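Biologist: I have some labels to check with you. Could you take them one at a time?

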Amino acid sequence: MAKYRVLSLDGGGLRGLITARLLDRLNSDPKIAGWLDSVDLYAGTSTGGILALGLATGKSPNEICDLYKGKGAKIFDDSFWDNIRDLGKTVGADYANKNLRIELKKIFGNKKLKDVSKKVAIPTFDLDNEATTHERTWKPKIFHNFKGADSDEDALIANVALYTSSAPTYFPSADGYIDGGVFANNPSLVALAQAISKRNQHAERASLDEVVMLSLGTGVSLTYIKGQTLDWGYAQWVKPLINVLMDGVAGISDYQARQLLDDRYHRLQIVFDPDETIPLDAVDKLDRMDQIATDYNLDKTIQWISDSWR
């Protein structure tokens, strides 16, 4: 039976270094050499979107690791004057997106989605569809380069990478778009729907029983909120609610993909030690993230790729 291979990459800010290092190790393992070259569809949200677009345009996982380690501190630069302007982060995003925009431009230049030979699906959220009718509203937006009337083949890759990684409260919106993690931090179901869509009958699509999917997370902290009754308002909920939503949608996507694909689906997600929390902007923990990913046992994933992917 033919196989349609999907690589799905979660959001998670600088924790994308963990994903990139895991991919680097898997790509270097002699037992499964060449597996990454056979990906048919790259799907990624937020930092996973940057990773997916980087891989689809020919960047190696190791090159992307170097990007996180070399440019992470510059992208997540929390200057004193920025905090003054934002009243201590009360009325503005934690970080400006100027440096992120610059680095993405360096990586992708003026390439468009149509210049990528591999298929990609990148979730974002459009804050205003600017419709001139009564249907003006916000909505999820999946940037992709599949054929069809809704193709985004003329979109600049650097722009799409910026849109999907504009996490609320961390970065400003970009051209009216914010991080796709608000509805698909784990883009497995987005990828699956894109791969098997019947809207356009092109050879680039697949049937459900042809799809095999490897889904990678950026690591998860064992977090929880104490108390049976939380009488919280906006101020208390704003930051934890973002994490609740992103972890929640990642978990349900994992469940649904597993139900639909069974053993043709594999999830690689590191769970951090109970006493260790790594925020998505943890510049000071980049070396620690790299070490965690370097030490993690990949035997099960290697075996799954050998048995089910190839």
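Modeller: First, the terms. On a 1 Å grid over the protein atoms alone, a cavity is a set of points where a 1.4 Å probe fits but cannot get out, and a pocket is an open set with protein on both sides within 12 Å along at least five of seven lines; lining residues have an atom within 4 Å of a point. Grid points are joined across faces, edges and corners, and a volume is the space filled by probe spheres set on the points. This is a predicted model: local features need pLDDT of at least 70, side-chain atom pairs count only at pLDDT 80 or more, and totals for chains, interfaces and linings use all residues. Residues are numbered from 1 along each chain as its sequence is written, and side-chain values use heavy atoms, without hydrogens and water.

Biologist: How much space lies in the largest pocket?

Modeller: About 650 Å³. Its lining has 28 residues, with Arg15, Val220, Thr223, Asn243 and Asp247 nearest the centre.

Biologist: Which helix gives the largest share of that lining?

Modeller: Helix H9 (residues 234-261), with nine residues. Helices (H or I, at least four residues) are DSSP runs, numbered from the N terminus.

Biologist: Why is H1 called roughly antiparallel to H3?

Modeller: Axes are lines fitted to C-alpha atoms over the stretch in contact, and angles run from 0 to 180 degrees between N-to-C directions. Helix H1 (residues 16-28) and helix H3 (residues 61-75) pack at about 155°, with axes 8 Å apart. That angle makes H1 roughly antiparallel to H3, because angles over 145 degrees count as roughly antiparallel, under 35 as roughly parallel, 65 to 115 as roughly perpendicular and the rest as oblique.

Biologist: Then what makes H2 oblique to H3?

Modeller: Helix H2 (residues 47-56) and H3 pack at about 140°, with axes 10 Å apart. That makes H2 oblique to H3. The contact (heavy atoms within 4.5 Å) joins Thr47, Leu51, Gly54 and Leu55 of H2 to Pro61, Ile64 and Tyr68 of H3.

Biologist: How many cavities of 30 Å³ or more are there?

Modeller: One. The largest cavity has a volume of about 250 Å³. Its 23 lining residues include Gly13, Thr47, Ile50, Phe76 and Ser165, which lie nearest its centre.

Biologist: Which helices each supply at least two residues of that lining?

Modeller: H2, H3 and helix H5 (98-108).
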